[in-house]
Each structure stands twice: as C-alpha cells, then as structure tokens.
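Please open the model in your viewer and follow the selections below in order, from a helix to a strand and then to the packing around them.

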Amino acid sequence: MTKPSLPDLLHAAVSAVGGTERPGQVAMAEAVAEAIDDNTHRLIQAGTGTGKSLGYLVPALAHGERVVVATATLALQRQLVERDLPRTVDALHPQLRRRPQFAMLKGRSNYLCLHRLHEGAPQDEEEGLFDQFEAATPTSKLGKDLLRLRDWADETETGDRDDLTPGVSDKAWSQISVSSRECLGATKCAYGAECFAEAARERAKLADVVVTNHALLAIDAIEGAPVLPQHEVLIVDEAHELVSRVTGVATGELTPGQVNRAVKRAAKLVDEKTADSLQTASESFERVMELALPGRLEEVPEDLGYALAALRDAARNVISAIGATRDKSVHDEDAVRKQALAAVESVHGVAERILLRSEYDVVWYERHDRFGATLRVAPLSVSGLLREKLFEDRSVVLTSATLKLGGDFNGVAASLGLSPEGVEGDEAPVWKGLDVGSPFDYPKQGILYVAKHLATPGREGTRGDMMDELAELIEAAGGRTLGLFSSMRGAKAAAEELRGRLDNPILLQGEETLGELIKAFAADPKTCLFGTLSLWQGVDVPGPSCQLVVMDRIPFPRPDDPLMSARQKSVEEHGGNGFMAVAATHAALLMAQGAGRLVRAGDDRGVVAVLDPRLATARYGSFLRATLPDFWYTTDRNQARRSLAAIDAAAQADGK
C-alpha cells in the first residue's frame with residue numbers, strides 16, 4: 001500500500017474541521033514533516049489564522065511515532081483534545097488505516113486525590129488528619145465548594161480539575177489534591193487502583209499523541225524522574241512562553257508561613273529535641289524576614305545566612321528522623337509522614353540552594369502588603385538547561401505567532417540555548433527557522449498609530465496628555481477598545497478617570513473573572529476593557545467589538561525587577577547589549593502579542609495605538625516595530641481618529 005501524501009492528509013483534516021487550506025499551513029506541515037524525518041529542529045512562526053494546530057498535528061500523526069505536544073494555556077489544550085484531535089483522527093483514519101490514540105497529561109496536583117477525599121487532609125494544628133467536609137460550614141463558600149467536589153468525585157471519569165465547571169477556589173481544591181511529593185504512590189495507597197492521576201499516566205503511555213503543558217515539560221526536564229512517556233517528537237506550541245514557564249518551575253521560595261507549616265507537620269513525627277531545633281530555626285528565619293526589604297541580594301547577608309544554615313541543618317535532621325520513625329497511633333500515618341516530608345524537604349532544598357551561592361542563581365526578597373516577605377531564588381538563565389534537556393534524542397518543533405523579534409529568530413533561539421541560525425557548534429543543536437506568514441492582509445486591515453506628540457512616560461505620576469489622547473481615541477472608535485496597560489495601577493487610574501469622562505462602559509480586570517469580562521466585552525461594541533498582563537495575550541475577540549487596541553507605554557520590565565536586571569547585567573558582563581537582549585526583547589514579545597489582539601479574522605479592521613512616543617523616536621523603536629504585524633504606520637493623530645470614526649461608522653451601518 002502506498003503511503004498517503006501529506007497534502008492529501010492535510011486536505012482531509014482541514015475539510016473535517018470546516019477550515020480553509022492556507023499556503024502558510026501547507027508550508028508549516030511540510031517543514032514539520034521534514035524535521036521529524038531528519039530528526040532535526042525547527043522554529044516556526046505562524047501568524048494568527050494560519051491554522052497552526054493542524055499544521056503540526058497532521059505530519060505528527062502521519063509519522064506514527066509517539067509525539068508530545070506542550071502548550072502554555074488551558075484553552076489550547078482543550079481545543080486540541082476536545083476539537084482538533086478527534087476530528088483530525090477521524091479524517092485521517094481512512095488513509096492511514098489506523099486510528100491514532102491521544103491523551104491529556106498534567107501534573108498530579110491537577111487531579112482529584114481519592115485518598116485525600118476519603119481519608120481527610122492533614123491538619124497543621126493537630127495530630128493526624130481531619131475531615132474537611134465536616135470541618136467546613138455548609139453555608140460558607142469553602143463548604144459549598146467541598147460538598148460540590150464530593151458529589152463531582154462520584155461522577156467524573158477523569159478527576160481533572162479543569163473538567164469541573166464552574167471551578168472552585170485554590171483553597172478548596174487543595175483539600176482534595178496532593179503534589180507529587182505528597183503522593184503515597186499507587187502501590188502503597190488504598191485507592192491506587194482507582195487513582196485518577198495514575199489512570200491519566202497509563203492513558204498517556206498508550207497514546208500516540210500526549211497533550212501536556214509547559215510546566216510539566218519543565219518538571220520532566222529538571223527533576224530527572226521522567227513524568228512524560230518516552231517520545232521521539234516534541235512540539236512546543238505557544239513557544240514564546242516556554243522560557244518564562246520553565247523559569248517559574250525552576251524558581252524556589254521560602255516564607256515564614258511555609259516554614260511554620262513544615263514545623264507543625266513534622267512536630268508529631270519526631271522527638272521533641274529534633275522538633276524544637278526546627279522550631280527555633282523557623283523563629284530566627286521569621287525575625288530576619290520581618291526586616292527584609294524588597295530587592296536583589298548580590299550577597300547573602302550574614303543574619304540571613306545564619307538563619308538559612310540553621311533551617312537547612314534542622315530540616316536535614318527532621319528528614320532523617322521522619323524516615324526512621326513509625327508511630328501507629330497517628331491516623332493514616334503514611335499520608336501524614338509523606339505530607340510532612342514534602343514540606344520539610346522543600347524548606348531544606350531552597351535553604352541549601354541559596355546557601356550554595358551559585359553564580360547561576362539570582363536571590364531576592366519580595367514584599368507583599370498582605371502576605372509579608374518572600375525569599376526567592378531563580379536561575380539566571382534556563383538556556384543551558386533547555387539546550388541540554390530539550391533537544392537531545394528527539395526532534396523538536398517550536399511554534400508560535402511570535403518568535404521573530406526584531407526581524408529574526410536569533411533572540412528567541414538564544415533564550416532556548418541555541419546558536420544563531422546556520423552556526424554549528426560542538427554542543428549546540430542545529431535548527432532552522434521558518435516564518436509562514438499570516439493569511440491576513442495587515443497593511444489593509446490595520447493601522448499602527450504611535451502618539452509621537454505625547455510626553456515620554458515617566459516612572460510615576462499621572463499622564464494627563466495620555467488620558468486626553470485615550471479619551472479622544474475611544475470616542476472616535478465608539479468604544480470597541482481593548483486597553484493594554486503595563487501596570488495594574490495604570491489600568492485602574494485610566495478606568496477611574498475615563499468612567500467620569502465618557503459614556504462608554506469600561507470594564508476593569510479584577511472586577512470580575514477574566515472569562516466573564518471578555519464575554520461582556522465581546523457582547524457590546526460600545527464597551528471597553530482595560531487590564532494588564534493576561535489581556536496582552538489571552539483575548540480572542542474577532543469582529544467589531546475590538547477595533548482599537550491601546551498600549552499605554554512600551555512594556556519594558558520594571559528597572560527594579562531583580563531577575564530581569566540580573567539577566568541584563570550578565571549579558572553586559574559578557575560583552576553583549578543587556579538592554580536589547582533582555583528588556584527590549586521582553587517588550588517586543590509582549591507588544592507583538594498585544595498587537596495580535598486586533599486582527600483575529602479576515603474581515604477585522606482597526607487601529608493599534610501606542611501612547612508612548614519612544615516607539616517612533618528611540619533607536620530601539622525600529623527593533624520593536626519590526627516585531628509587530630506589518631500594519632500601515634502613522635504618527636498623525638488626526639489620521640488615526642478619522643480612520644477609527646470611519647471603521648465605527650461602517651460597523652454601525654452593518655448593524656454591529
């Protein structure tokens with residue numbers, strides 16, 4: 001039997017999902033197939049509307065080897081597992097003569113734990129476990145959530161938190177879930193045979209395509225104990241998010257509350273002397289943290305060093321003692337021990353890591369008005385880790401609508417541990433970049449307007465001229481505005497000011513769930529939606545409800561961001577341009593994602609307005625503009641207003 005051709009398979013899949021074949025999608029599918037066949041690597045930029053999911057799924061399914069697809073967002077995971085994969089498998093089955101299996105796999109804490117549900121959750125204040133359902137007031141929000149979870153446990157086939165609608169609070173979910181460190185293990189657990197997390201792993205072992213998230217991919221790479229099944233092909237979608245997700249997984253933290261919980265969990269399992277020494281170390285650490293000021297610690301201060309050393313040593317003794325003792329008077333002793341060990345091992349690991357003072361780690365204090373001080377440690381770079389762990393023994397395809405920064409792939413490639421394109425090193429994996437473009441006609445569908453006449457934004461203070469400009473643009477657009485702000489303070493100030501000046505409803509992130517806000521924004525064209533980081537990347541509103549996207553300023557990282565400033569300094573010490581490599585690259589990624597909110601369909605029209613003159617006047621402005629979609633560019637404020645008014649009039653004439 002002849003092997004079915006890739007164009008035929010792609011045509012069948014696209015027809016099945018009711019889509020339209022696009023040249024960019026065909027080019028992407030061919031590049032993915034070539035990378036898999038040659039066991040090489042690709043970075044593929046595929047603009048909005050390309051249909052990139054099918055662009056990688058079809059060649060991956062046709063190849064026949066196991067494929068892991070890692071995404072950053074829950075929305076895309078759901079789209080793949082609930083829509084794209086079922087239809088694609090059905091469409092390809094007649095030609096492939098086989099029906100590839102697929103499965104979703106997440107970290108253990110995403111699944112309901114039957115042991116925790118039935119036996120109770122370890123309680124910090126007293127010995128043993130408590131029944132969280134008895135303890136919670138049935139009329140309280142937590143009580144209602146827990147009762148609903150108990151009913152859901154009898155119905156769910158997956159135990160996956162994301163299958164529960166509506167969702168529950170983190171506090172409620174923590175009562176019926178465990179981390180991988182807290183898990184007893186299937187062989188030791190009375191509910192191991194029915195375990196949802198174990199069932200998900202078993203399904204993944206049998207699947208041809210395993211859909212997971214960046215965080216689990218990072219855990220699989222960092223912790224050395226494989227979580228994902230063996231696979232020959234890795235596809236990373238939303239790849240512009242990968243470095244920040246891996247950094248998040250590789251970041252450790254210590255707080256007085258966390259240490260105190262570890263002390264309480266361990267106290268009933270070890271002798272009094274061992275428990276007292278951890279308690280004393282905890283109190284010393286808490287005193288140091290009370291005086292902590294936010295910022296990077298280039299050197300570990302002496303008082304913190306003593307406190308961490310005491311914590312590390314006391315925690316090590318507790319870990320040894322817990323492992324050596326047995327106390328049958330403790331209810332569900334194994335679960336209590338496992339939870340205590342997990343808590344104390346976490347404290348020990350972070351304290352020891354900070355005391356090692358690795359030149360590859362950044363240590364800093366953060367301070368929160370409500371929660372107090374936190375001590376954090378994060379890798380200066382994850383590029384070496386990714387180069388070593390990601391690209392060995394498999395073909396890797398990384399794709400996103402935003403991978404070319406300033407016109408090429410090399411900035412993103414460097415963050416992944418790759419050499420510049422075409423440069424071969426002894427250790428550096430060889431890769432190729434491909435930009436398959438977008439089906440949208442950006443110069444005709446959108447305008448990039450830079451408000452060159454405004455004052456350069458300062459670090460603090462209100463920007464009266466910017467508020468006036470924003471109000472005029474919204475009035476010209478008839479509402480229809482997504483406001484992307486570089487800080488929550490800026491978003492709130494703009495919402496408060498303009499609610500008093502305009503008749504248009506203005507929604508503000510944080511005043512309702514993000515899903516509800518986006519739904520309300522999409523439903524009423526006169527409405528505006530203001531917010532910060534998650535709106536820059538998480539909004540998909542095609543049509544006339546979003547015809548103006550405003551960025552208040554270039555979203556450089558804060559100058560006092562300890563990790564970003566450390567990374568910038570490191571680049572400079574090695575002879576590079578730290579500002580361009582770190583701050584400008586960070587801003588370019590966010591701006592490209594933000595500008596991508598405007599044109600989501602073939603008939604969308606609108607304006608992206610950047611209320612920061614530096615995009616037009618600063619030397620780095622051309623680098624940032626080269627990263628944005630190829631909109632028609634102007635600094636003429638009257639032109640921008642006239643265009644918005646015309647787009648609004650056309651939408652109203654269509655009854656929208």
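Select helix H2 (residues 23-38), where Gly24, Gln25, Met28, Ala29, Ala31, Val32, Ala33, Ala35 and Ile36 are buried, buried meaning under 20% relative accessible area with a 1.4 Å probe and protein chains only. Helices (H or I, at least four residues) and strands (E, at least two) are DSSP runs numbered from the N terminus. This is a predicted model, in which local features need pLDDT of at least 70 and side-chain atom pairs count only at pLDDT 80 or more, while totals for chains, interfaces and linings use all residues. Residues are numbered from 1 along each chain as its sequence is written, and side-chain values use heavy atoms, with hydrogens and water left out.

Next, select strand E2 (residues 67-71), which is largely enclosed by the rest of the structure because five of its five residues are buried. Val67, Val69 and Thr71 lie on one side, and Val68 and Ala70 on the other. Five bridges join E2 to the parallel strand E6 (residues 209-213), with Val209 as the bridge partner of Val67, and Val69 stands opposite Ile235 in E7.

Finally, select Leu43 and Leu416, which touch the most other members of the 91-residue largest nonpolar core, a set of buried Ala, Val, Leu, Ile, Met, Phe, Trp, Tyr and Cys residues joined through side-chain atoms within 4.5 Å. Helix H24 (residues 578-595) gives the most to this core, with seven residues.

Terms used. Buried means under 20% relative accessible area, exposed over 50%, partly exposed in between (1.4 Å probe, protein chains only). The expected span of a helix is 1.5 Å times one less than its number of residues. Two strands pair if DSSP finds at least two bridges between them.
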